[in-house]
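Welcome, and thanks for taking a look at this one with us.

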Amino acid sequence: MTAIANVWELARRNVRQSGILVAFVLIVALFAVLNENFLSPGNLTNIILQYSYILILAIGMVIVIIAGHIDLSVGSVVALAGSVSAVLVIKNGQPWWVGVIAALAVGFVVGVWQGFWVAYVGIPAFIVTLAGMLLFRGLAARVLENISLSPFNTPYTDIAGGFLNGLFGGNGYDVFTLVVFAIGVVGFAFSQWRARQGKIRYQQAVEAIWLFALKLVLIAAVVMWFAWQLAHSRGLPIILIILAVLILAYSVITQRSIFGRHVYAIGGNLHAAELSGVKVKKINMWIFINIGTLAGLAGVVYSSRMNGAQPSAGNMFELDAIAACFIGGASTTGGVGRVTGAMIGALIMAVMSNGMQLMGLDQSVQQIVKGLVLLLAVAFDIFNKRRAGIAR
């Protein structure tokens, strides 16, 4: 009974994160039952390729939301960054890496621009980024002269569509993919063990050792099954490596750096953060520089995936990124959220979109379902806060 009580208490304390993970598993299971091709190697690879740019945007957006802001301009920045890259690479014949650097630079400048108005002028981020949504969409159309540009050269398209395979051989499957994922599983298990030992040293509650081991075994089994599917398709997507690096880096930044702690402090209680010496203006500035640069990277990935640039690119991407963060456990009032949660939220959006497309559902029905899921996620957040208030 003690073990059961321990599990229940940990689950209750982490209901936001554990709940969204359970929801993700159930959604995947539902679409797997409804369509036998959903978990096929080819379709799993397509999910990664098709929604990678939303995952990138969600990483930056969750930091913005934790700080108590919102960014409505990222879709337009994706279009502008892709447009600049296309003009340089396609129209002017520059190397692919020049286009990538230029797109990132565009995102950086956009971040400086919006960060200045939010941090130093004091205009709410909602207004600044709403203006940016219109401004950067117009600039994208001007840069492209209201026409689409295509195609990019092969190195550029490999960013979002290339694969690493055959490095270690394999008979009908790619050994290299399996090795990379196995190393990742070992690294994850080691980090979880260290985190557990740290909690024990500080006399914090931890789950029973059998439950800890079971959790690691289940995660390892799911991850290696996913790796097996990729290995039987086209190998390890290059974009998946980029995503893994970003997720690891930003998980460390948000959870273990001074910058991350200050972001949470600003979102949790702005006045208290100011009194405790947090340089709020500087942090807010870097928050928007970060989201701008990541939007520039998403612009590269999207234009690479589409093999071209269009003035209408990135339309509604900001809403998908925001929805991913809220579905993944970020709070509407700031101060709460994790990069891993945003990734799960983004994967839920990706799985729902892909699953409904395989079922042949109309686009309008897909929008209705996504809207309902977002509404329920925010309602769940408010319910948890009210329950916590009653408990106190």
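Contact here means that heavy atoms lie within 4.5 Å of each other. With that in mind, what covers the buried residues of α11? The cover includes α3, α10 (238-256), α12 (270-275) and α13 (280-306). Please keep in mind that this is a predicted model.

**Confidence**
- The protein chain has a mean pLDDT of 89, and 93% of its residues reach 70 or more.
- Helix α5 (residues 96-121) has the highest confidence, with a mean of 97, while helix α1 (residues 2-13) has the lowest, with a mean of 53.
- A friendly caution: where pLDDT is low, the predicted coordinates should not be read in detail.

**Helix α11**
- Five names make up the buried set in α11: Gly-260, Val-263, Tyr-264, Ile-266 and Gly-267.
- Ile-258 and Gly-268 are exposed, and they are carried on the face of α11 turned away from its buried side.

**The largest cavity**
- Searching the whole structure turns up 1 cavity of 30 Å³ or more.
- The volume of the largest cavity is about 40 Å³.
- Its lining consists of Ile-63, Ile-66, Ile-253, Thr-254, Phe-259, Gly-260, Val-263 and Tyr-264.
- At least two lining residues come from each of α3, α10 and α11 (258-268), and α11 supplies the largest share, 4 residues.
- Gly-260, Val-263 and Tyr-264 are among the residues that line this cavity, and they also belong to the buried residues of α11.

- The elements that give two or more residues to its lining are α3 (41-66), α14 (317-327), α15 (339-358) and α16 (363-391).
- Which element gives the most to this lining? That is α16, with 6 residues.
- In total, 22 residues line the pocket, and those nearest its centre are Met-316, Asp-320, Met-349, Gln-367 and Lys-370.
- The pocket lining divides into 12 nonpolar, 8 polar and 2 charged residues.
- Helix α3 gives two or more residues to this pocket's lining and at least two to that of the largest cavity.

Technical notes:
Residues numbered from 1 in each chain as written. Predicted model: local features only at pLDDT ≥ 70, side-chain atom pairs only at ≥ 80, totals over all residues. Heavy atoms only, no water. pLDDT = per-residue confidence, 0-100. 1 Å grid on protein atoms, 1.4 Å probe; cavity = no way out; pocket = protein on both sides within 12 Å on 5 of 7 lines; lining within 4 Å. Nonpolar A, V, L, I, M, F, W, Y, C, P; charged D, E, K, R; others polar. Points joined across faces, edges and corners; volume = space filled by probe spheres on them. Buried < 20%, exposed > 50% of the residue type's maximum accessible area, 1.4 Å probe, protein only.
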